[in-house]
Number of protein chains: 4
Amino acid sequence: MDTVLPKRQRIKQQNRQLILDGARRVFAEQGYDAVTVRDIIRATPLAAGTFYNYFTSKEEVRHALEDEIAVLLRPRLAEGRAEAGTAEEFLSAFFSSVFALRTESGGLERADLRAGLGDLREDLDGAVARGLFPPLDTAALAAALLAAADEIAGRLLRDGGDPAHATQAATKLFLGGVEPP
Amino acid sequence: MDTVLPKRQRIKQQNRQLILDGARRVFAEQGYDAVTVRDIIRATPLAAGTFYNYFTSKEEVRHALEDEIAVLLRPRLAEGRAEAGTAEEFLSAFFSSVFALRTESGGLERADLRAGLGDLREDLDGAVARGLFPPLDTAALAAALLAAADEIAGRLLRDGGDPAHATQAATKLFLGGVEPP
Amino acid sequence: MDTVLPKRQRIKQQNRQLILDGARRVFAEQGYDAVTVRDIIRATPLAAGTFYNYFTSKEEVRHALEDEIAVLLRPRLAEGRAEAGTAEEFLSAFFSSVFALRTESGGLERADLRAGLGDLREDLDGAVARGLFPPLDTAALAAALLAAADEIAGRLLRDGGDPAHATQAATKLFLGGVEPP
Amino acid sequence: MDTVLPKRQRIKQQNRQLILDGARRVFAEQGYDAVTVRDIIRATPLAAGTFYNYFTSKEEVRHALEDEIAVLLRPRLAEGRAEAGTAEEFLSAFFSSVFALRTESGGLERADLRAGLGDLREDLDGAVARGLFPPLDTAALAAALLAAADEIAGRLLRDGGDPAHATQAATKLFLGGVEPP
DNA sequence: TATGAATGAGGCTTCATTCAT
DNA sequence: AATGAATGAAGCCTCATTCAT
């Protein structure tokens with residue numbers, strides 16, 4: 001798929017990637033707000049001025065990273081839902097993919113997960129159409145699912161815990177609700 | 001109830017409050033990380049050095065604010081749950097108080113809400129004991145409820161929407177789950 | 001000799017002394033230049049403003065301390081010289097008193113020693129008159145003696161060493177000079 | 001002898017020297033302790049931040065200056081001693097070079113002179129070996145000579161006076177001692 | 001007279017950004 | 001394009017000093 005680029009452009013792409021990689025590293029280490037442009041440059045073999053040939057601010061780097069993350073993340077996050085034949089399978093696929101992703105990549109943030117919010121809602125709409133779920137406010141449900149999944153994932157990371165068990169519990173919760181029999 | 005204080009102490013209390021109020025304002029406007037100590041001072045009629053007579057860092061101000069928020073917030077957040085006779089009343093009380101608080105006070109953050117997490121869990125435990133809910137993982141449920149409520153509240157604020165309706169929808173979602181009949 | 005003072009004045013004197021004592025302590029610990037007025041106050045049970053009822057600057061405190069030191073120091077420094085019957089006794093008395101004082105009181109500085117320079121010169125003049133020394137430039141000799149004594153004392157303090165032995169060596173040096181026989 | 005440097009490096013060297021020169025000036029004027037980094041910058045056409053491209057603290061500048069001084073000073077200070085054929089010539093060379101240096105360069109400090117202490121001691125050892133001096137404690141003698149020379153030089157500068165005459169007097173003092181005939 | 005909080009100047013340092021090379 | 005030093009604004013914090021109590 002990769003096109004052969006003239007050398008100039010290849011180097012340009014490389015430098016851009018160097019900056020993005022350095023930025024990802026320092027963002028993960030120190031958090032976006034604490035990071036300075038200097039930090040990003042220092043995480044790179046490049047010189048200070050070079051940064052401005054590629055980006056004009058930290059903000060812009062963040063956007064580029066979010067795009068990267070979205071591209072990598074969204075398919076992983078949506079995994080298994082299309083094939084779900086029941087509500088339980090759907091929810092279980094959703095929670096386990098969130099927990100897996102959060103467990104794998106330390107730097108992942110709530111904001112990053114939101115990249116998958118639209119997909120989730122679309123999949124929910126599809127599932128409703130297929131009769132997996134009763135008709136309901138899929139926008140609200142998507143938001144609630146994502147927030148709950150992220151929060152529980154955060155608790156898993158912090159306190160330790162078994163992702164498989166958490167997946168089961170969360171699935172059961174959203175599946176049957178809290179109403180006593 | 002207020003004791004009469006000597007003037008010096010009264011002014012000290014006032015200045016401390018000026019700083020806290022200014023800080024709350026700028027935190028809400030720019031977010032904690034973006035705010036500098038100078039920003040806080042500038043949101044105040046006081047001189048630069050005066051800040052350090054009361055706090056030694058932005059961090060310390062944050063703690064003081066969290067304490068204030070917790071004191072004001074927690075009772076409001078817990079309102080109506082103790083009297084709930086059914087699971088539906090419980091959830092409805094919870095969601096409506098979160099939506100009301102988030103709607104009222106712009107600067108409220110997820111972190112602030114977490115101050116009420118312990119209370120929520122205790123109330124859930126009590127409700128389980130009273131038979132309102134079946135036995136379940138109240139810690140996870142509390143986290144999921146809080147996260148979902150906060151996320152939905154955020155959407156309400158951003159996109160507009162009716163808190164009463166959102167309360168109903170959220171309650172219904174958590175009450176009965178998503179399983180089709 | 002102490003006159004009974006009315007209570008007011010007694011307290012004033014006490015506070016003044018508190019400041020001087022605190023200042024001496026912090027000067028010795030951190031060195032005059034590194035010390036701030038705040039440091040002096042902090043070494044005192046008094047409040048910030050009180051300092052300015054007694055002194056107007058760190059400089060003024062230093063002067064007052066120098067006076068105190070001079071009063072205490074000069075007699076000690078001059079000890080034994082008046083009774084000296086020979087040049088050797090004179091020099092020996094001089095060196096041993098310098099070494100003793102420097103060894104005793106850590107905070108003593110070259111500048112403090114200079115308080116005794118005039119005395120030394122006078123005693124040298126007297127000794128010349130008594131025939132202990134040949135006629136010579138007593139001003140230069142006094143300066144040279146004091147500087148050498150201080151330098152050697154500094155070396156004693158730093159490297160360890162026996163004051164008695166150093167006294168002997170220094171005396172011998174100045175007594176007979178360095179000319180080979 | 002000077003190599004031609006690319007422009008960038010030439011400017012770097014120039015700026016470094018600008019800082020050192022400015023620092024030397026303000027140290028001489030106000031004394032090391034009283035000087036701030038800002039004072040050094042202000043004694044320079046450079047901008048505030050530029051200082052930190054070259055040094056990280058006032059301390060570091062001092063070290064660099066001491067190195068400079070040592071390189072320039074030590075040879076001058078040692079002048080004429082190697083060729084001395086008698087104790088008198090040795091002492092005379094020593095005192096006159098100290099007086100000359102102190103007279104020339106106002107900013108010279110006792111601490112700077114100490115850079116030459118080791119040399120002096122070595123030369124004294126050599127002179128003892130050559131029989132110019134009787135065997136004696138050359139470490140103590142070197143310290144005493146340096147301190148006395150500095151003190152007398154300070155008096156010369158302050159009170160005026162003839163360096164040649166002072167050299168003669170100091171030489172005579174250390175040569176023959178103070179013992180009456 | 002003693003107190004101690006308020007003041008704002010000023011020191012130190014890092015930063016984003018520019019620009020000559 | 002890449003470099004990396006220069007810039008000066010701006011953040012942090014401490015200080016000397018004042019002054020209402």
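**Protein chains and a DNA strand**

Guide: By class, 15 nonpolar, 14 polar and seven charged residues make up the surface near DNA strand F. Keep in mind that this is a predicted model.

Visitor: Switching to protein contacts. How many residues do chain C and chain D put into their contact?

Guide: Chain C puts in 28 residues and chain D 29 residues.

Visitor: Which helices of chain C supply at least two residues to the side that touches chain D?

Guide: Helix 8 (138-159) and helix 9 (163-176). Helix 8 of chain C has the largest share of that side, 10 residues.

Visitor: What classes of residue are on that side of chain C?

Guide: There are 19 nonpolar, three polar and six charged residues on the side of chain C that touches chain D.

Visitor: Now the cores. Which residues touch the most other members in the largest nonpolar core?

Guide: Ala144(C) and Ala170(D), in a core of 71 residues.

Visitor: What does Ala144(C) touch, leaving out residues up to four places away in sequence?

Guide: Five residues of chain D: Ala148(D), Glu151(D), Ile152(D), Ala170(D) and Leu173(D). Another core, of 70 residues, lies apart from the largest one. Among its members are Phe94(A), Ile152(A), Phe133(B) and Val178(B).

Visitor: Back to chain A. How many helices and strands does it have?

Guide: Nine helices and zero strands.

Visitor: Is chain A a compact globule or more spread out?

Guide: More spread out. The C-alpha trace of chain A spans about 65 × 40 × 25 Å along its principal axes.

Visitor: What percentage of its residues are buried?

Guide: In chain A, 32% of the 181 residues are buried.

Visitor: And what share of the contacts in chain A with a separation of 6 or more joins residues 24 or more positions apart?

Guide: That share is 63%.

Methods
Residues numbered from 1 in each chain as written. Chains lettered and ligands numbered in written order. Predicted model: local features only at pLDDT ≥ 70, side-chain atom pairs only at ≥ 80, totals over all residues. Nonpolar A, V, L, I, M, F, W, Y, C, P; charged D, E, K, R; others polar. Contact = placed C-beta atoms within 7 Å. Helix = DSSP H or I, 4+ residues; strand = E, 2+ residues; numbered from the N terminus. Core = buried A, V, L, I, M, F, W, Y, C linked by C-beta atoms within 7 Å. Buried ≥ 20, exposed ≤ 12 C-beta atoms within 10 Å, placed from the backbone. Rg over C-alpha atoms; globule rule 2.2 N^0.38 Å.
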